[in-house]
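Reader: I would like to learn how to read this structure. Please show it to me.

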Amino acid sequence: MATVTRVWLDESENECTMCGACEATCPEVFEVPEKMVVKAGADLSLDDQILESAEGCPVGTIAIEYDNSGKRDNPA
Ligand code: SF4
């Protein structure tokens with residue numbers, strides 16, 4: 001099973017709208033004080049919730065890297 005090794009805000013195509021959906025889905029990892037930030041020391045083993053958050057992001061600005069691949073995956 002793929003392991004999440006990095007999660008970040010990717011605004012290369014769209015900007016975070018500060019909707020809060022990611023924080024609502026996975027508050028252990030995401031918070032939205034203004035734009036989304038990944039919490040320091042976030043538990044990346046919560047891969048199902050992280051993927052669900054990324055898929056649910058309305059503008060596709062949550063990027064995920066698996067297995068230190070260096071590749072970005074924006075599931076939305
Ligand atoms: S779901 Fe997407 S647009 Fe909404 S706050 Fe999170 S990163 Fe920003």
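Reader: What percentage of the contacts with a separation of 6 or more comes from residues 24 or more positions apart?

Author: Two residues are in contact if their C-beta atoms, placed from the backbone, lie within 7 Å. In this chain, residues 24 or more positions apart account for 51% of the contacts with a separation of 6 or more. This is a predicted model, where local features need pLDDT of at least 70, side-chain atom pairs count only at pLDDT 80 or more, and totals for chains, interfaces and linings use all residues. Residues are numbered from 1 along each chain as its sequence is written.

Reader: In what order do the elements of the chain run?

Author: Helices (H or I, at least four residues) and strands (E, at least two) are DSSP runs, numbered from the N terminus. Here the order from the N terminus is β-α-β-β-α-β, with two helices and four strands.

Reader: Which residues have the most contacts inside the largest nonpolar core?

Author: In soluble globular proteins, nonpolar side chains tend to be buried together. A nonpolar core is a set of buried Ala, Val, Leu, Ile, Met, Phe, Trp, Tyr and Cys residues joined through C-beta atoms within 7 Å. A residue is buried if 20 or more other C-beta atoms lie within 10 Å of its own, exposed if 12 or fewer, and partly exposed in between. The largest core has 14 residues, and Val7, Cys22, Ile50, Ala54, Ile62 and Ile64 have the most contacts inside it. Strand S1 (4-9), helix H2 (47-56) and strand S4 (62-66) each give two or more residues to this core.

Reader: Is Met18 buried or exposed?

Author: Met18 is exposed, with 12 other C-beta atoms within 10 Å.
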